[in-house]
Amino acid sequence: MTSDHGFQPEEPVRVLAADGSFSPTPAAERYLPLVEALTDAELEGFYRDMVVIRAFDRQATNLQRQGQLALWPPSYGQEAAQVGSARATRPQDHVFPSYREHVVTRIRGVDPMDIIRLMRGLTHGGWDPFDPRNGNTHIYTLVLGAQTLHATGVGMGLVFDGRMGTGDPERDEAVIVYYGDGASSEGDVHEAMVFAASYQTPQVFFLQNNQWAISVPVTTQSRTPLHRRGAGYGMPSIAVDGNDVIASYAVTKVALDEARAGGGPRAIEALTYRMGAHTTSDDPTKYRASDEEQSWAKRDPIARLRTYLESRGASEAFFADVEAEASAVADDTRVRTNALDGIPATKMFDHVYSEPHPHIDEQRRWLAEYEASFEEGAT
């Protein structure tokens, strides 16, 4: 079967078929030892991650519609790609998200309310990436592709400092950077790949191909599969079924382990689908057909893993417990969001410079006097 542009697409790594049956593709063969080593507890953990974050994501979308947030980028449909890849990281690794990796940040330790504060306009960055509680997770980047340059810079630093390739997997570090099919056409991504390949950074470029760059289909962006772009820079590159959390985990774990050990950068294209809007300012009904959405809905990552877990004997009590946790997280998000206050105007002066600056001090004094003049006039 060929694409609209005539190329022969490669078969992606897949472990679970769309119906939830265990049906590895030939491309998955090298990953099967990792798959078979996964315990029931780990697989159930993947499921819990996906269900809880979908509940959080839906709640955040509703909060934006209610005027509580300025914007929200839904992750609905992309949970498997994100959970599998995030669970493949080690604590010492460095994570560079784009702006839709809600469950990645949560797995690494970031409080999801920090994303809410960012989208509400209460903070410029969201969280402190150097706080150990946040698991080396760098802040969201809304400038398309810019985070790939940041990630490559950190990867180069790891090379210069000898913090990879020592043979000690408990100490060696790697970098994973997330970006989308739209960002893959940005110059920043290609410049990052040039330097990553040149310096052999311990880095994984994790592309979530959700088929649409806002309203532009992926077939318009590229005449060949997107992971081949990484191969063009000499990186081992592979496509994975991004709606199969087990395959996403195994492929990412191997890539990170190889990069961490000194094998250089890798590129992964996770084939998935953005079931919701690009952001809450977008209306996908204007450019997507409903039959396309229905086709991808049949490949839902959560339903797929649930069927597989049921075949392994997972109990109804487990699924009920997950639903209860997801509901509790959604409720807590709503309560804490509604309790958020605004920020004082003086906050704008706090982080302009790292050290005190006379011009900032003068502007702060001027604002205080200006506001005081209104108070005096009122009396």
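Reader: Which residue in E7 is the bridge partner of Asp241?
Author: The bridge partner of Asp241 in E7 is Leu271, in a predicted model where local features need pLDDT of at least 70, side-chain atom pairs count only at pLDDT 80 or more, and totals for chains, interfaces and linings use all residues. Residues are numbered from 1 along each chain as its sequence is written, and side-chain values use heavy atoms, leaving out hydrogens and water.

Reader: In what sense do E6 and E7 pair, and over how many bridges?
Author: Strand E6 (residues 237–241) and strand E7 (residues 266–271) pair in the parallel sense over five bridges, where pairing requires that DSSP finds at least two bridges between the strands. Strands (E, at least two residues) and helices (H or I, at least four) are DSSP runs numbered from the N terminus.

Reader: And what does the chain cross through from E6 to E7?
Author: The chain passes through helix H10 (residues 245–263), and this β-α-β crossover is right-handed, meaning that the path from the first strand over the helix to the second runs clockwise with the strands pointing away from the viewer.

Reader: What order do the strands of the open sheet have?
Author: The five strands are ordered E1-E2-E3-E7-E6, with parallel pairing, and the edge strands, E1 (94–96) and E6, each pair on one side only. E1 is joined to strand E2 (residues 175–180) by three bridges, with Val95 opposite Ile176 in E2.

Reader: Changing topic, at what angle do H12 and H13 cross?
Author: The axes of helix H12 (residues 301–311) and helix H13 (residues 316–338) cross at roughly 150 degrees and come within 11 Å; axes are lines fitted to C-alpha atoms over the stretch in contact, and angles run from 0 to 180 degrees between N-to-C directions. H12 and H13 are therefore roughly antiparallel, a label for angles over 145 degrees. Arg306, Leu309 and Glu310 of H12 make the contact with Glu316, Phe318 and Phe319 of H13, contact meaning heavy atoms within 4.5 Å.

Reader: Where does pLDDT stay under 50?
Author: That happens over residues 1–8, although the protein's mean pLDDT, the predictor's confidence in each residue from 0 to 100, is 94. Where pLDDT is low, the predicted coordinates should not be read in detail.

Definitions and conventions. Parallel < 35°, antiparallel > 145°, perpendicular 65-115°, else oblique.
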